Amino acid sequence: MSVAAAAPVQEAGETLLNVENVSLSFGGVRAIRDVSFEIRRGEIRAIIGPNGAGKTSMLNVINGFYHPQLGRITYKGATRRRMRPHQAAAQGIARTFQNVALFKGMTTLDNILTGRTLRMHKSFFWQLWRYGPALTEEIEHRKYCEEIIDFLEIERIRREPVGRLPYGLQKRVELGRALAMQPDLLLLDEPMAGMNLEEKEDMSRFILDVNAEFGTTIALIEHDIGVVMDLSDRIVVLDYGNKIADGKPEEVRSDRKVIDAYLGVVH
Amino acid sequence: MHSGAPREVEDTALDTFPKWLRHHAHARGTRPAIRLKDRGIWRTWTWAETYENVRALAHALRTLGVGVGDKVAIVGANRPALYWGISAAQWLRAVPVPVYADAVAEEMAYVLENADVKIALVQDQEQVDKILSIGAQLTHLTHILYDEERGLRTYDHTRLHAIAEVMAASRAMLADSTIAAELDAEIDRGLPDDASIMLYTSGTTGRSKGVVLSAGRSVAAARDTVAFDKITDEDEQLAYLPLAWVGDHYLNYAQMFVAGGCMACPESADTVQQDLREIGPTFYFAPPRVFESLLTRVMIRMEDSGALKRAIFHHFLGIARRWGEKMMDGKPVPLYARLHYALGTLLVYAPLKNVLGFSRIRTAYTAGEAIGHDLFSFYRSLGLNLKQLYGQTEAFLYVTCQPDGAVRADTVGPAAPNVALRLSPEGEVQFKSPGQFIEYYKDPAKTAEAMTEDGFVKTGDAGIFDADGQLRILDRAKDVGRLRDGTLFAPKYIENKLKFFPNIKEAVAYGDGCDFVTVMLNIELASVGNWAERNGIAYASYQEIAAHPRVYALIAEHVREVNRALAREPQMAGAQIKRFLILPKELDADDGELTRTQKVRRVFIAERYATLCAGLYDGSSSADISTEVTYEDGRKGVLAARVRIEDVETDTAPFREMPRERAA
Amino acid sequence: MSFLYSIFVDPFVQMIGAPDLLVQTLWEGLVGGVLYALIALGFVLIFKASGVFNFAQGIMMVFAALTLVGLHEKGVPAFLALALTILVMGALAFAVERVILRPLVNQPDIILFMATFGLTYVLIGLGELVFGGNPKNMITSELLLPSGSLDFNILGGLVSLQKIDIAAAIIASLMVAVLAVFFQRTRIGRALRAVADDHQAALSVGISLDQIWVIVWFTAGLVALATGIMWGARSNVSFALEIIALKALPVLILGGLTSVPGAIVGGLIIGIGEKLGEFYWGPLVGGGIESWLAYFIALAVLLFRPQGLFGEKIIERI
């Protein structure tokens with residue numbers, strides 16, 4: 001079973017996720033105001049904006065951590081009501097976190113294996129004895145995880161507890177765990193935050209490869225605007241919770257409002 | 001007389017590698033030939049399967065137009081498919097040309113074009129991209145074959161093919177017995193005089209040259225050393241050396257093809273240490289630098305462990321130092337010492353060797369650089385049969401090697417079996433060897449230059465023979481110079497003495513034609529960093545810690561120690577180090593400062609850091625440098641720094657009474 | 001002088017002089033320790049998975065035992081009563097998740113701790129209301145648990161092992177073994193470890209916290225039931241057992257709040273320690289040492305290893 005064969009390339013273009021007039025507030029603070037955009041199958045979609053623009057809130061809304069007070073979210077054609085994070089996961093939404101949320105006491109391999117949780121079906125009675133269909137299943141999942149380990153070039157740290165790894169590698173393991181879910185939509189929260197230049201280059205390459213090889217739709221939040229321009233197909237720009245631009249990198253780059261709100265303040 | 005080696009080593013009909021391959025497929029078809037750790041699991045191919053795979057690949061290459069004398073480039077890490085590519089080309093009497101996988105595009109373009117490469121067999125997308133980027137310059141290249149498909153599916157496949165696919169197609173066609181017979185007959189057409197492989201020397205100066213080796217001579221050389229070290233089909237080794245280096249082609253390919261042993265390909269370059277433990281090789285080669293970094297790692301880990309463990313460790317290391325080498329060399333050792341050593345084996349040596357992956361090693365070699373006496377003895381005292389050899393691509397590796405029981409740190413052994421060895425009147429080492437090269441490809445002038453009139457090969461190394469006939473290498477003959485006062489200046493000799501300190505990673509010595517000797521140094525970040533941590537010195541980068549005054553003080557003490565050692569040697573006493581500096585960046589092959597085999601390029605470094613060089617000799621206490629550096633991904637940046645230059649006292653040991661006639 | 005002698009020499013002379021008594025004491029300590037360990041295990045499971053310090057663990061034990069015996073008293077056959085009690089513990093786990101954990105998620109730990117305090121009184125009240133407050137006898141023989149003792153004439157004396165104690169030790173070991181395999185090998189076990197490590201991350205890979213919490217509380221309930229049966233068989237079933245349940249506290253301090261092996265080893269140390277203390281050193285201070293020695297040992301450990309003998313030293317790179 002190869003990773004590539006398991007995930008056929010999807011037709012780009014069809015809308016995978018549609019966000020319509022979403023507003024979110026915490027008490028009196030409005031984090032997101034009436035934002036709409038859509039994510040199409042197979043694309044790399046970036047959500048950018050200055051600090052406090054509501055990027056992470058937006059990701060948390062998509063992922064089910066937050067529930068918007070107003071607006072609709074349509075995913076795979078179904079308009080959802082309150083969805084909880086593990087339900088989002090069950091429907092093929094995987095994510096990583098800005099500050100790396102790994103199971104620090106477990107090894108790299110075990111962390112990635114947790115990404116397969118939803119795909120393990122055999123009764124735990126058989127799993128207890130490592131017998132019959134449960135054994136076959138376990139081997140299949142292990143194989144899939146090994147493909148990911150190979151893909152992300154982290155063979156060396158397979159058996160290391162992730163708590164001891166340097167930050168850049170932890171981020172890679174976290175990506176691996178998300179990939180193990182074979183997601184339809186992969187949400188990346190500042191995948192390059194806190195990385196050095198070389199690690200950023202590596203991560204960009206992995207993101208592009210994931211998109212190309214697995215056909216995974218990717219939505220990413222990023223602070224480093226240069227990286228975003230090179231990576232993404234389309235970009236949504238948020239500022240103070242409002243959407244101020246949406247389009248291809250070159251369109252966004254030349255947009256007056258974006259320059260004022262964001263590019264202007266970043267050197 | 002060579003009890004361990006298989007009988008067929010003497011079989012002179014087996015004079016090419018494909019013939020050996022076919023022989024093993026019949027004689028030991030079910031024995032393992034090659035392994036690869038892939039997706040966390042070791043896969044093994046037997047000699048019979050290897051033969052089948054090579055056969056399919058050979059047919060595929062022939063279908064793509066490869067014939068006698070055509071050149072097939074092999075680019076990538078150690079992968080079974082690439083080794084099969086080498087054999088498949090040899091099957092067709094074509095010439096495989098392994099290329100360093102980490103070569104940048106221009107370097108690769110030079111080699112591929114100079115070698116008239118017709119087909120390139122590469123590992124992955126990275127190499128395909130590199131070759132496609134230089135495609136316009138490659139006038140002979142017709143097809144590229146790749147092993148790993150990742151990222152390549154969307155590429156134009158008119159001249160690009162997956163190795164697995166062409167092999168599958170070939171297997172289908174080989175079902176036709178006439179096609180199969182025709183292909184199999186190619187093996188018998190192979191002649192010992194056929195060019196068997198072309199290895200590009202990295203070259204400390206100038207463009208690299210393609211060293212052409214013949215099939216018959218390659219096999220003959222391998223036969224001798226297989227017998228010398230009693231290598232059998234039970235032997236196994238980890239194939240982790242660069243494919244394009246003579247050491248890999250000799251030790252992993254040629255020797256194993258003759259002995260019928262097994263080579264294991266590591267999962268990736270990063271996992272070599274873990275893979276070594278899992279495989280437990282019986283034959284092992286590593287340059288001194290690898291042994292050194294392993295020792296550094298062990299020592300650092302021991303420093304971090306509890307007092308009791310540390311005490312036990314050091315106690316038994318002392319016992320090993322005292323008796324271990326004597327026991328290995330079969331010298332008389334009292335019974336109590338043997339018992340004490342046995343206890344040490346149980347508690348320390350065996351577990352340590354297991355951690356390092358050295359448990360099963362029967363024979364280990366090191367070469368390429370001088371190895372420090374302490375470092376060398378450390379491994380031998382643990383019971384590791386570590387020996388030295390001296391070799392060259394032009395010799396197909398072995399020129400000298402140490403037999404079991406006559407091993408020393410400061411020499412490289414007597415002439416290898418069937419090698420004729422001599423020193424020229426100027427002190428240059430010259431040899432004739434069974435594996436001796438045919439020529440430099442398309443360069444008769446250079447070929448002639450490398451040979452003496454009576455057919456010896458000039459090594460370009462200056463050496464001397466010790467009383468017991470073992471060769472001692474001093475330096476490159478052309479690098480040995482003189483200070484203005486006529487004192488002998490052997491830069492590498494001085495550099496090596498410095499590099500034996502764990503805190504010093506690289507050293508570059510200058511002095512030829514000058515008044516005194518100066519050095520530029522690289523510190524070893526692992527050990528200096530550890531020292532800094534223990535001494536509460538904070539730093540953010542290599543550049544910062546390299547400039548720290550206390551690091552300078554630390555290093556200055558090492559330099560003084562080297563001076564003391566030099567002062568005791570009559571020929572070298574005048575060449576003590578007067579001034580030194582620590583470079584603000586690590587020397588790097590990507591910046592051209594090191595060769596691909598990690599040797600310093602002294603002249604290049606002098607030009608690149610000209611301002612620093614000037615500072616070393618004009619007495620100033622610092623100098624500025626601004627230079628371009630290449631990052632690992634190929635992008636360039638600028639490094640600017642002010643570098644401190646420090647004076648060191650020289651030593652005046654009372655040696656003057658000693659006889660000086662040996663100096664010359 | 002003679003005082004020091006009676007502390008540091010005499011007890012050991014006695015141990016060597018009468019090895020049969022020593023063995024007997026060690027055995028009793030061991031059985032007590034195993035049961036302490038089981039109670040502590042329930043704490044650790046819940047603490048690891050939800051970060052809640054479950055004050056009600058001891059009461060869950062009494063409640064489970066009481067339910068079992070009470071149902072039997074009302075005429076339900078023993079094994080049906082056992083099955084029903086298991087169901088009740090399941091319902092309890094479900095209710096706790098719904099009523100306490102889910103509404104209080106993301107509240108400070110102290111709030112959750114107070115909530116389990118409340119749970120304690122709810123369970124006491126409920127138990128007394130339904131089954132009455134009188135001490136009851138455990139239905140040992142009805143559950144086919146052995147009674148009587150095995151007597152050995154060894155070491156120059158008589159060593160007597162209660163069969164119910166042997167059964168307790170065996171059942172406890174089996175439970176620990178099953179739990180260990182469950183944690184290591186199954187999908188739910190891996191999910192439990194994941195939840196113990198990082199809630200947010202666990203959610204993101206599709207692990208349902210609600211479900212895991214129910215499973216953990218149910219598992220802790222089963223452990224409590226087993227422990228309740230054993231303790232009940234050794235004395236009787238009443239809310240006075242809660243005092244014994246509180247012994248789990250020093251066990252936890254000793255073993256570390258997050259370590260399953262720690263709970264087991266801690267339980268054994270406390271169990272054996274307090275029996276030896278009571279028997280050999282107790283007379284010096286007029287007895288009663290058993291009730292506080294455990295806390296004394298725990299305090300001593302706390303001074304030197306605040307994370308407990310087996311607690312995690314968090315390995316983290318910053």
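**Reading a three-chain predicted model**

User: Where is Lys442(B) found?

Analyst: Lys442(B) is found in the loop between β18 and α15 (444–450) of chain B. Helices (DSSP H or I, at least four residues) and strands (E, at least two) are DSSP runs, numbered from the N terminus. Chains are lettered from A and ligands numbered from 1 in the order written, and residues are numbered from 1 along each chain as its sequence is written. The model is predicted, with pLDDT of at least 70 needed for local features and 80 or more for side-chain atom pairs to count, while totals for chains, interfaces and linings use all residues.

User: What about Val100(A)?

Analyst: Val100(A) is not a glycine either, and its phi is also positive, about 55°. Look for Val100(A) in the loop between β6 and α4 of chain A. Val100(A) is partly exposed because it has 19 C-beta neighbours inside 10 Å.

User: How much of α2(A) is buried?

Analyst: Helix α2 (residues 55–63) of chain A has 8 of its 9 residues buried, so it is mostly covered. Among them are Lys55(A), Met58(A), Leu59(A) and Ile62(A). The buried set also includes Asn60(A) and Asn63(A). Just after α2(A) comes Gly64(A), with a positive phi of about 95°.

User: How do I read a strand?

Analyst: In a regular strand the side chains alternate between the two faces of the sheet. Take strand β3 (residues 71–75) of chain B: 5 of its 5 residues are buried, so the rest of the structure largely encloses it. On one side sit Lys71(B), Ala73(B) and Val75(B), and on the other Val72(B) and Ile74(B). Both faces of β3(B) are covered.

User: Which strand is joined to β3(B), and is the run parallel or antiparallel?

Analyst: β3(B) is joined by 5 bridges to strand β4 (residues 95–99) of chain B, and the two run parallel. Pairing needs at least two DSSP bridges. Opposite Ala73(B) stands Val97(B) in β4(B).

User: What is the strand order in the open sheet of 3 strands?

Analyst: The order is β8-β9-β18 (chain B), with antiparallel pairing. β8 (195–200) and β18 (439–440) of chain B are the edge strands, each pairing on one side only. β8(B) and strand β9 (residues 210–214) of chain B share 5 bridges. Tyr200(B) faces Gly210(B) in β9(B) across this pair.

User: How do I read two packed helices?

Analyst: Two packed helices are described by the angle between their axes and the distance between the axes. Helix α2 (residues 47–63) and helix α6 (residues 163–174) of chain B pack at about 95°, with axes 8 Å apart. That makes α2(B) roughly perpendicular to α6(B). Axes are lines fitted to C-alpha atoms over the stretch in contact, with angles from 0 to 180 degrees between N-to-C directions. Under 35 degrees is roughly parallel, over 145 roughly antiparallel, 65 to 115 roughly perpendicular, and the rest oblique.

User: Which residues make that contact?

Analyst: On α2(B) they include Asn53(B), Ala56(B), Leu57(B) and Ala60(B). On α6(B) they include Ile163(B), Val166(B), Met167(B) and Leu174(B). Contact means C-beta atoms, placed from the backbone, within 7 Å. By class there are 9 nonpolar, 3 polar and 2 charged residues. Nonpolar covers Ala, Val, Leu, Ile, Met, Phe, Trp, Tyr, Cys and Pro; charged covers Asp, Glu, Lys and Arg; the others, Gly among them, are polar.

User: Which chains share the most contacts?

Analyst: Chains A and C do, of the 2 pairs of chains in contact. There, 30 residues of chain A meet 23 residues of chain C. α3(A) gives the largest share of the chain A side, 4 residues. That side has 17 nonpolar, 7 polar and 6 charged residues.

User: How many residues does chain B give to its contact with chain A?

Analyst: Chain B gives 12 residues and chain A gives 14 residues. The chain B side has 1 nonpolar, 4 polar and 7 charged residues. Chains B and C have no contact, and their closest C-alpha atoms lie 15 Å apart.

User: Where is pLDDT under 50 in chain B?

Analyst: pLDDT is the predictor's confidence in each residue, from 0 to 100. Chain B has a mean of 90, with 95% of its residues at 70 or more. Residues 1–5 of chain B stay under 50. Residues 654–664 of chain B are also below 50.

Technical notes:
Buried ≥ 20, exposed ≤ 12 C-beta atoms within 10 Å, placed from the backbone.
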